[in-house]
Every structure is written in C-alpha cells, then in structure tokens.
Amino acid sequence: AIANDSGGFDQVDAVLAESEQRLAGSGAVLARIIDNHDTTRFISEAVGDAGGDPWLSPAAQPEDATPYRRTALALAITFTLPGIPVLYQGDEIGLAGASDPDNRRVMPATLSDPQAELAATVERLGALRRCSRALRHGDRQAVHVTKATYAYRRTLTDEADEALVVISAATAASDVPVALGGETWIDAMTGESFAGDSVALPALSFRGLLPAGHACMQCRPRQQRQSQRAKE
C-alpha cells in the first residue's frame with residue numbers, strides 16, 4: 001500500500017481488523033515492524049531494487065526524497081497502531097538493503113538530507129507516542145479507508161483521550177474526508193490546525209492529530225516548538 005502501490009489501505013485495514021478480532025481478550029500485544037534481519041529493506045522495496053544479489057548487486061542507497069517519505073508513512077503507522085513499535089537498526093534513516101546479509105549494513109557516519117529529515121520525523125513520532133496515552137493504550141477505529149488514503153482514531157474512553165491518524169500514499173495532494181466533530185485539531189507533527197469535515201494532506205504525507213489544547217502539544221521536541229512560535 002505504501003512502498004510500491006501494489007496493494008491498498010483497504011487490504012491493510014482488513015488484515016488489522018481480522019487480527020484484532022482474533023486476539024480480542026487474549027492479552028496478546030503485537031510488535032509492529034517494517035524490517036528485520038531476515039527481510040529486504042522497506043526503502044529498497046519502495047525503490048524497486050531489493051531483489052538483486054546481496055553480495056554482487058546490493059541495493060543502492062536512494063538519493064531522491066520520495067522513498068524516504070514512503071518510509072516515513074510506514075513508520076507513522078508503526079508508531080500509531082495498537083501494539084509495540086519496533087525500530088530495526090537503520091529504519092530511522094532509511095537504510096537500504098537487499099536480502100541477508102545486505103540488510104545488516106553498518107550505520108553511516110554522516111546522513112544525507114532526506115535521511116536526516118526521516119530521523120527527525122521518527123524522533124517526533126516517538127515523542128508523540130510517549131506523550132499520548134491514547135496512542136499507547138487506546139482502541140482503534142477506522143474512520144476512512146480507500147486504496148490510497150486511510151484514517152483511524154485511537155480512543156482511550158476512561159480518560160477521555162483520543163488521537164486521529166490520517167495518512168495519504170497518493171502522489172498528489174488530497175483532502176481526506178474525516179468529520180472532526182466541530183472541534184479544532186492540531187497536527188502534533190507540524191503544529192497546523194484543522195477543523196471541518198476534511199483534512200488536507202500533501203502528497204505522501206500523514207497527520208497525527210490531537211484535540212486543540214491537548215497536553216501533548218507541550219511534548220513536541222523543543223526545536224519544533226520554537227519553529228512554530230517563530231511562525232506565530
């Protein structure tokens with residue numbers, strides 16, 4: 001659904017719904033991960049060169065920003081679904097790799113601009129999940145599902161805490177129809193405000209929305225808060 005558009009979010013949601021139904025009441029907690037030591041790297045799948053010989057034709061480290069944005073979408077889902085988000089070494093910078101042993105590369109000493117941007121996004125995702133109890137413990141409810149766009153709520157009823165995740169794998173900007181209930185919501189990743197019946201997303205992007213005034217707005221990394229204050 002994200003790496004190469006061969007699937008859709010409708011299929012993703014069907015898998016999630018089935019697993020939630022089968023595990024309901026079991027106490028099981030799933031670990032969410034996009035890569036591991038036995039698989040080709042997600043970003044190389046997104047580029048389309050993960051199938052080469054790991055010794056003689058290793059996957060190239062992408063230079064274009066697009067596969068890094070796709071990786072950011074996959075990690076956004078990893079960090080906002082119920083369960084335990086897992087980062088395999090190098091996911092946070094979009095490390096390339098074909099099959100074993102090419103998927104176990106040494107971490108680079110310096111990062112390209114797209115790698116540094118991805119690492120900053122992962123940092124913000126970690127801060128958001130750490131702060132939001134709804135993202136750590138809330139129930140999941142899909143509120144919008146198409147092949148290229150997806151939205152779900154995470155709700156912790158006992159504490160009246162909730163979050164709304166909106167994702168677009170479309171290659172053009174889109175408005176995702178999501179009723180915001182007459183309230184103002186803030187994208188914890190960017191500080192942007194949203195209200196009404198839809199959420200605007202640039203191409204290959206996501207929103208981690210919280211109700212305006214949510215305590216997690218103070219949990220954003222310091223640099224991001226300073227940047228938002230400068231804009232205001």
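This note sets out numbered points on the structure of the protein shown above.

1. The model is predicted, so local features need pLDDT of at least 70 and side-chain atom pairs count only at pLDDT 80 or more, while totals for chains, interfaces and linings use all residues. Residues are numbered from 1 along each chain as its sequence is written, and side-chain values use heavy atoms, with hydrogens and water left out.

2. The secondary structure comprises six helices and 10 strands, taken as DSSP runs numbered from the N terminus (helices H or I, at least four residues; strands E, at least two). The radius of gyration is 18 Å, close to the 17 Å of the globule rule for 232 residues, so the protein is as compact as a globular protein of that length. This radius is taken over C-alpha atoms, and the rule is 2.2 Å times the number of residues to the power 0.38.

3. Along the principal axes, the C-alpha atoms fill a box of roughly 55 × 45 × 30 Å. Of the contacts (heavy atoms within 4.5 Å) between residues at least 6 apart in sequence, 62% join residues at least 24 apart.

4. Buried residues account for 46% of the 232 residues; buried means under 20% relative accessible area, with a 1.4 Å probe and protein chains only.

5. Asn103 lies in the loop between strand 2 (84–85) and helix 4 (113–131). Asn103 counts as buried because its relative accessibility is 0%. Leaving aside residues up to four places away in sequence, Asn103 touches Asn36, His37, Asp38, Thr39, Arg41, Tyr88, Gly97 and Ala98.

Terms used
Buried means under 20% relative accessible area, exposed over 50%, partly exposed in between (1.4 Å probe, protein chains only).
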